[in-house]
Amino acid sequence: MLQQTKADTVKEYYLRFLDAFPDIFALASAPEDAVLKAWEGLGYYSRARNLQKAAKLITETMDGHFPRKAEELKRLPGIGDYTAGAVASIAFEEPVPAVDGNVIRVLSRCWGIRENVSETAAQKKIHDLAAKLVPADRPGDYANAMMELGAMVCLPKHPHCDDCPVQPLCNAHALGDAEQLPIKKKQVRPQEEHLMVLLLVWQNRIVLEKRNSGLLKNLYGFPCLESETLPENPFSLASVHFRYCGHARHIFSHRIWEMDIHEFHLMTPSLPDGFFFCDYATLSSFPIPTAFRMARKYAEEILSRDLLLSSDAVSPLSL
Ligand code: SF4
């Protein structure tokens, strides 16, 4: 959970997740939808899927014993060098490095590494250096100290050099270019995509789909079209356009979705494969990613409005 996400955000999710899946066997045997539901809102859903795949692998091939060495941990889905190093050193006191962005910053500044750290050669140099520096005694405390130094003192902008315990050793501080390090390649601008998000309504129900490709694959969402123009009968469904609900924007790591949300009323309840109806009571049981937060809010408004109308015996189609 802590990959790409701050501890403050993770804390509540972590406790809820442990309540839902108290041990590795519970996680391994849970339906994938239940795991994704518990993850809802944290983003980067591949982490949740990998976590469950790892739990299955551990229960099926390792008798449920969690690996304790970094090299073994790296064989689990979703665990790379950094996570393996952090878990092995902090949880099991193995003297291996845990090199994340904070540690790269501290090392490149202290040792004056003025090379592009996005390139493999500089990464290897930093990794080799990090490995040499890990003490045999208390490697977990050392890993935590390096991470904290990067997160609290050696900040990307305005590092607190006056309060820094390693200032006398620091090359970048001596040369006065700490803020220019580490050197990174310019980031590629995220690509924009325009989507029409369709709230397709039939009586008191709304259409959801389980996404079968692309971003957010296997998660639930509202049907989308990659278009900026309003279709007459989206997905060839007999329907009438009812209203434009609003705009929403969601930023992924490499992509931005610009979404226009529209409400359509269906004339018949027949749907293409992969689409299905849900009502107000069941909508909240599906793991719907944060990208659809605004669309979901409109969907809830529509369903609660239609509930009210139906209790007055008025069809929503007669609006
Ligand atoms: S002296 Fe400054 S630049 Fe060097 S490690 Fe400490 S905070 Fe970072």
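Me: Is R138 buried or exposed?
Reply: In this predicted model, R138 is exposed, with a relative accessible area of 52%, which puts R138 past the cut-off for that word because exposed means over 50%.

Me: And which residue does R138 meet in a salt bridge?
Reply: The side chain of R138 meets that of D141, with N and O 2.9 Å apart, and D141 is partly exposed at a relative accessible area of 38%.

Me: What about R114, which residue is its salt-bridge partner?
Reply: R114 pairs with D177, and their closest N and O atoms are 2.7 Å apart. Because R114 lies in the loop between α7 (101–110) and α8 (120–133), while D177 lies in the loop between α10 (171–175) and β1 (191–202), the pair ties together parts that are 63 residues apart in sequence.

Me: How accessible are those two, R114 and D177?
Reply: R114 counts as partly exposed at 33% relative accessibility, whereas D177 is buried, with a relative accessible area of 16%.

Me: Changing topic, where does pLDDT stay under 50?
Reply: That happens over residues 312–319, for which the model has ten contacts beyond four places in sequence. Where pLDDT is low, the predicted coordinates should not be read in detail.

Me: What is the average pLDDT for the protein?
Reply: The protein averages a pLDDT of 91, and 95% of the residues score at least 70.

Key. Residues numbered from 1 in each chain as written. Predicted model: local features only at pLDDT ≥ 70, side-chain atom pairs only at ≥ 80, totals over all residues. Heavy atoms only, no water. pLDDT = per-residue confidence, 0-100. Contact = heavy atoms within 4.5 Å. Salt bridge = Lys/Arg side-chain N within 4 Å of Asp/Glu carboxyl O. Helix = DSSP H or I, 4+ residues; strand = E, 2+ residues; numbered from the N terminus. Buried < 20%, exposed > 50% of the residue type's maximum accessible area, 1.4 Å probe, protein only.
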